Amino acid sequence: MILTLTPNPSLDRTIELAGVLERGEVQRATASSQHPGGKGVNIVRALSASGIQSLALLPGDADDALVRALCVENIPHQSLPIGAALRSNVAITEPDGTTTKVNEPGPTLTPEQVAALLALTVEKSDGASWLVLAGSLPPGVPNDFYAHVIDSVRGAYGAKAPKIAVDSSGAPLRECLSSAPDLIKPNGEELAELTGATNGQDLESHPALAATTASALVHQGVGAVLATLGSKGAVLVTRDGSWHGNGPAIEAKSTVGAGDSALAGYLLSTLRGDSAQACLQQAVAHGAAAASLPGTLVPSVEETNPKAVTVTVLA
């Protein structure tokens, strides 16, 4: 079972335009869609679509629009009541796949609610194969929250603790590195911010440079780095080596949630006992399939084509 924690979930609305987004102008949308979101929620949506047992943990009252949407879509979840409305995010997509996002900050959590969310995560981690700590932190949650979760889960279960992946950015991601997560999944910009080595565009354009940059994090104690690089696919760096996975050209319809689907594909592949290269192939295939779908739709494993992904060994 794969468990995800999303402290700052969102009701994601995607608006599709027929042309280029024009700032300050009135434009008509060609379509719109709405789904429960947040990185961990998206991962569970993708895993559930492939029949993988998973559970999304998140704050939210039972009558919140986001939590109701999870029930309607039959997404396995458990929410912690907080007495406040969850946030909404808006993504505007252009015909070439360019996506502009406006994300709200989310409700403020009290110290008692933060402690309850931590306790719920520790409790539900019993018997899980993976725990994914996903997304930004809402107001009221300290930047070292993910580090506390990692230490608490490992302290509770020792050798039986699940492997822990972190998909976040900025201070929450940086603060958790000292707790040595088993996997982190930055994109090019997040990897650049985390290491200070170069800018995100350079890393996305040069997979070998991205792998070299990621390898420094592995040397510091991180188990593995899966860095998604947009149209350039992704690189995977572990203690055993580095690889670049590059898929075929696609017609991108929306990049919203593509990175979440990539991580879902990687985790799914680890459950099958696949090699590192095969896990990377499935990750890239999942991300490409997600980008080919409109809005925030996520693919099932049957809708992916990992055989079309070329894996190159990097020095």
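Axes here are lines fitted to C-alpha atoms, for helices over the stretch in contact, and angles run from 0 to 180 degrees between N-to-C directions. Helices (H or I, at least four residues) and strands (E, at least two) are DSSP runs numbered from the N terminus. The model is predicted, with local features needing pLDDT of at least 70 and side-chain atom pairs pLDDT 80 or more, while totals for chains, interfaces and linings use all residues. Residues are numbered from 1 along each chain as its sequence is written, and side-chain values use heavy atoms, without hydrogens and water.

**View 1. Helices α9 and α10.** The axes of α9 and α10 come within 7 Å and cross at roughly 145 degrees. Contact means heavy atoms within 4.5 Å; on the α9 side the residues include Y266 and L268, and on the α10 side they include H286 and A290. The residues of this contact divide into 10 nonpolar, seven polar and no charged (Ala, Val, Leu, Ile, Met, Phe, Trp, Tyr, Cys and Pro count as nonpolar, Asp, Glu, Lys and Arg as charged, and the others, Gly among them, as polar).

**View 2. The open sheet.** Four strands, in the order β3-β2-β6-β7, form an open sheet with mixed pairing; two strands pair if DSSP finds at least two bridges between them. Strands β3 (29–37) and β7 (99–103) stand at the edges with a single partner strand each, so one side of each has no neighbour in the sheet. Neighbouring strands are turned by 15 degrees against each other on average, direction ignored.

**View 3. Strands β2 and β6, with helix α1.** Seven bridges join β2 (residues 10–17) to β6 (residues 87–93) in the parallel sense. I15 has I92 in β6 as its bridge partner. Helix α1 (residues 39–49) packs on the sheet and touches β2 and β3, its direction making about 95 degrees with that of β3.
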